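Let's walk through this model together, from its helix packing to its loops and its aromatic rings. Keep the structure open beside you as you read.

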Amino acid sequence: MINEKIEKALNAQINKEFFSSYLYLSMSSYFESKNLTGMAAWMKIQADEEHLHAMKFYAYVIQKGGRAILASIEPPKSDWKSVLDVFEDTYTHEQFITASIDELVNLSLELKDHATNNFLQWFVTEQVEEEANVTKIIDDLKMIGDNSYGIFMLDRELGTRQPAPPAPAAA
Ligand code: OFO
């Protein structure tokens with residue numbers, strides 16, 4: 001049995017996670033267009049992970065006896081001024097997602113929904129990692145500035161990213 005309020009909020013989060021996947025795929029496509037294949041691969045893995053996040057929420061709603069409702073996904077941005085601009089947008093978006101997860105946690109506490117609170121803790125931890133990863137890339141990019149060799153080397157490094165092992169269906 002799932003509380004109606006939490007069901008609605010979790011469904012909204014499913015949409016946000018799918019949007020995240022769409023946004024990062026759009027960023028990957030932007031990098032492809034700039035021949036930055038390592039960064040494109042990094043963003044593609046990021047997009048795939050966001051898809052898994054959406055599916056984790058989807059599975060949880062169903063497991064709790066609720067109904068997962070799929071809403072339309074907003075078209076993401078498709079152009080950026082620079083590589084730094086892309087990663088700064090990524091960071092801003094992750095902060096938005098962190099705030100959204102925090103609101104879900106607050107709601108679960110308000111409703112004394114311990115199962116959902118427990119489920120959400122995986123995402124609380126994940127967001128710390130997501131923000132830290134992007135912050136590191138932004139710091140590197142600020143150090144590199146306009147140096148094209150630096151961008152070339154960072155592209156190579158980001159291209160070595162491996163997909164994370166699949167997240168369990170329920171935390
Ligand atoms: Fe789903 O963590 Fe990023 O958005």
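**Helices, loops and rings**

Start with helix H2 (residues 37–63) and helix H4 (residues 114–144), whose axes come within 12 Å and cross at roughly 170°. H2 is therefore roughly antiparallel to H4, a label given to angles over 145 degrees. The axes here are lines fitted to C-alpha atoms over the stretch in contact, and angles run from 0 to 180 degrees between N-to-C directions. Helices are DSSP runs (H or I, at least four residues), numbered from the N terminus.

On the H2 side, the contact involves residues including Trp 42, Glu 49, Lys 56 and Tyr 60, and on the H4 side Phe 119, Trp 122, Glu 130 and Ile 137 are among them; contact means heavy atoms within 4.5 Å. The residues of this contact divide into 10 nonpolar, 3 polar and 5 charged. In this count Ala, Val, Leu, Ile, Met, Phe, Trp, Tyr, Cys and Pro are nonpolar, Asp, Glu, Lys and Arg are charged, and the others, Gly among them, are polar.

A word on the source: this is a predicted model, in which local features need pLDDT of at least 70 and side-chain atom pairs count only at pLDDT 80 or more, while totals for chains, interfaces and linings use all residues. Residues are numbered from 1 along each chain as its sequence is written, and side-chain values use heavy atoms, leaving out hydrogens and water.

Now look at the loops. Asn 35, in the loop between helix H1 (4–33) and H2, has a positive phi of about 60° although it is not a glycine. Lys 112, in the loop between helix H3 (83–110) and H4, has a positive phi of about 55° and is not a glycine either. Asn 35 counts as exposed because its relative accessibility is 63%, and Lys 112 does so at 64%; exposed means over 50% relative accessible area, buried under 20%, and partly exposed in between (1.4 Å probe, protein chains only).

Which rings meet across the chain? Tyr 30 in helix H1 pairs with Trp 80 in the loop between H2 and H3, 50 residues apart. Their centres are 5.5 Å apart and their planes at 70°, so the pair is edge-to-face. Rings of Phe, Tyr and Trp (its six-membered ring) pair if their centres lie within 6.5 Å, with planes under 30 degrees apart stacked, over 60 edge-to-face and the rest tilted. Both Tyr 30 and Trp 80 are buried. Ring pairs also link them with Phe 31, Trp 42 and Phe 87 into a cluster.

Conventions: Helix = DSSP H or I, 4+ residues; strand = E, 2+ residues; numbered from the N terminus. Parallel < 35°, antiparallel > 145°, perpendicular 65-115°, else oblique.
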